[in-house]
Amino acid sequence: MSKRSLRGSVAIAGIGETPYYKHGQAPDSEFKLALTAILNAAKDAGIDPRDIDGFASYSNDRSDPSRIAAALGTKELRFSNMQWGGGGGGGAAAVGNAAAAVATGMADCVVVFRALAQGQFARFGQGPTTPTITGDLAMQAPYGLMSPGQRYAMKCMRFMKDHGVRQEALRAISLASYHHAQFNPRAVMHGRPLDAETYDNSRWIVEPWRLFDCCMENDGAAALIVMPADRAKDLPHKPSYLLGVAAGSDHRCAAPSHNAPNYASSSFASVAPHLYDMAEVKPGDVDVLQSYENFTGGVLMSLVEHGFFEPEASNDFLVPENLMAPGGKLPLNTSGGNLAECYMHGLELQLEAVRQLRGDSTRQVASVDVSMVIAGPMVTPVSSLILGSEATL
Amino acid sequence: MSPYLPKGLPAPTPESDGLSAPYWDGTRRGELMVQRCRDCKTWIWGPEWICHQCHSFDLDWTAVEGKGRIYSWERVWHPVHPALKDHGPYIVVLVELPGADNIRMIGNLLGDPMQDVPIGAEVEAIFEPHDEADPPYTLVQWRRV
């Protein structure tokens with residue numbers, strides 16, 4: 001039996017987004033934001049939006065595919081898919097699900113989208129205000145452990161202690177995102193540069209996260225179009241071929257009350273080997289990386305678990321000059337990412353990975369053939385993917 | 001004792017299926033109850049309906065000694081709940097229990113919120129009753145030994 005793989009069989013043919021806003025500032029409804037991003041992605045791909053026959057998203061996106069299909073006049077709906085799990089962990093998995101549908105003939109043209117208007121719905125960074133609480137949250141919220149930042153800080157604290165990682169390593173990740181955002185007019189933090197001193201003097205949110213270690217909360221939407229590789233070749237843009245994708249998490253990652261056996265982890269330990277296996281690339285082949293910053297420490301552990309460096313080398317590797325495009329050893333979050341472009345649950349990172357392959361980034365890395373995205377770390381399930389140019393096929 | 005955190009945070013109650021009720025009932029008596037598989041003796045925490053090791057549904061509730069080690073910790077500064085507004089920093093600890101195969105429990109570390117928190121330090125459980133709450137409940141806090 002031949003190896004089962006998606007490698008090279010589908011491509012991202014179009015990308016689109018709305019303007020990105022601070023939370024609560026989107027002038028449009030969340031559903032309208034979703035429609036706008038999808039139309040923009042279809043236009044970018046040079047296709048009739050009515051020809052989209054599948055929808056894939058993650059994190060319980062509220063914009064229901066059947067409603068979108070009705071609103072857009074979709075000719076026929078063949079695939080409607082939700083990747084289970086909260087946070088941004090499903091971002092790459094949603095592309096993988098779309099790719100699997102397209103590669104196996106279940107659909108011909110699937111849009112992956114994410115729309116968020118936190119001003120119109122609950123914000124992520126607030127605790128529950130109900131008078132009582134049950135289940136696993138009852139073991140946490142009464143002790144003041146409620147927000148995502150609080151939920152994941154202890155993972156990173158343990159990792160930093162085990163491997164002697166200094167705060168400056170987290171700072172470098174934040175500085176890289178903010179630096180790249182200064183070149184990107186789409187970025188919410190465009191015109192708001194960050195320096196080391198400002199980072200060091202910023203308030204703690206929850207140790208080891210300072211203010212600038214934490215993602216923003218934003219409104220907007222993003223979308224990308226997944227099509228068969230041979231059809232994508234005839235469209236206006238150079239296709240971004242999917243080389244590999246993997247999703248999931250380590251053994252008993254969701255064991256309640258913080259009892260995951262591999263606790264000080266981004267949840268990628270078991271996932272990353274599958275990614276590289278399908279993509280047939282090694283960490284050293286990656287030209288540019290977008291790695292989801294819910295919190296900088298998640299990026300730290302994601303990079304380690306994807307094999308970019310050993311944990312003990314964290315302080316040496318994670319210095320600003322290594323992470324800055326265009327010349328750094330591993331240009332990271334070249335649009336500004338979740339920290340400084342927009343927290344579109346990481347789908348904006350996938351759009352940026354495509355731009356890097358097309359040569360269209362506002363902080364372009366020279367001659368990109370392998371462009372990688374790591375979706376939301378520390379949650380479960382997580383996911384990551386690798387895109388390649390035609391030369392990698 | 002006065003509670004470590006201000007009043008007004010969500011009060012813990014068992015789920016409608018009652019899974020964690022023996023734990024919360026135990027805290028009212030000053031006992032730390034955790035699950036253990038009657039068949040393969042695996043310690044299980046948090047509460048679950050099945051043993052992840054042998055798939056037995058025959059799980060026992062066992063009292064364990066409130067002695068542990070700090071596995072990880074965080075100092076929270078930014079309040080995300082109205083009851084914590086203007087309260088100031090507080091410490092959350094993740095404590096492993098060597099007497100129960102190092103299962104981990106979450107609580108607050110009593111004492112100075114600015115104290116150093118060494119990972120690996122020994123701690124003991126302190127029961128923090130909230131008798132005036134409706135329904136009343138008891139939290140399990142931790143203190144350096």
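1. How many residues of chain B are in contact with residues of chain A, and how many of chain A with chain B? The counts are 35 residues of chain B and 38 residues of chain A. Contact here means that the C-beta atoms of two residues, placed from the backbone, lie within 7 Å.

2. A note on the basis. This is a predicted model, in which local features need pLDDT of at least 70, side-chain atom pairs count only at pLDDT 80 or more, and totals for chains, interfaces and linings use all residues. Residues are numbered from 1 along each chain as its sequence is written, while chains are lettered from A and ligands numbered from 1 in the order in which they are written.

3. Back to the interface. On the chain B side, β1 (11–12), β5 (67–76), β6 (90–97) and β7 (103–108) each supply at least two residues that touch chain A. By class, that side has 22 nonpolar, 9 polar and 4 charged residues. Ala, Val, Leu, Ile, Met, Phe, Trp, Tyr, Cys and Pro count as nonpolar, Asp, Glu, Lys and Arg as charged, and the others, Gly among them, as polar.

4. Strand pairing also crosses between the chains. β6 of chain A (residues 132–133) and β1(B) pair in the parallel sense over 2 bridges. I133(A) has P12(B) as its bridge partner in β1(B). Pairing requires that DSSP finds at least two bridges between the strands.

5. Chain A overall. It has 14 helices and 13 strands. Its radius of gyration is 20 Å, close to the 21 Å that the globule rule gives for 393 residues, so chain A is as compact as a globular protein of that length. The radius is taken over C-alpha atoms, and the rule is 2.2 Å times the number of residues to the power 0.38. Helices (H or I, at least four residues) and strands (E, at least two) are DSSP runs, numbered from the N terminus.

6. Burial and contacts in chain A. Of its 393 residues, 62% are buried. A buried residue has 20 or more other C-beta atoms within 10 Å of its own; exposed means 12 or fewer, partly exposed lies in between, and C-beta atoms are placed from the backbone. Among contacts between residues at least 6 apart in sequence, 78% join residues at least 24 apart.

7. G359(A) follows the helix, with a positive phi near 85 degrees.

8. Chain B overall. It has 1 helix and 9 strands, in the order β-α-β-β-β-β-β-β-β-β. A compact globule of 145 residues would have a radius of gyration near 15 Å; chain B has 16 Å, which agrees. Buried residues make up 38% of the chain.

9. A hairpin in chain B. β8(B) (residues 122–130) and β9(B) (residues 137–144) run antiparallel and are joined by 8 bridges. Between them lie 6 residues. F127(B) stands opposite V140(B).

10. Domains of chain B. The division is into domain 1 (15–64) and domain 2 (65–145), with bounds from an automatic or database domain assignment. Their C-alpha centres lie 21 Å apart.
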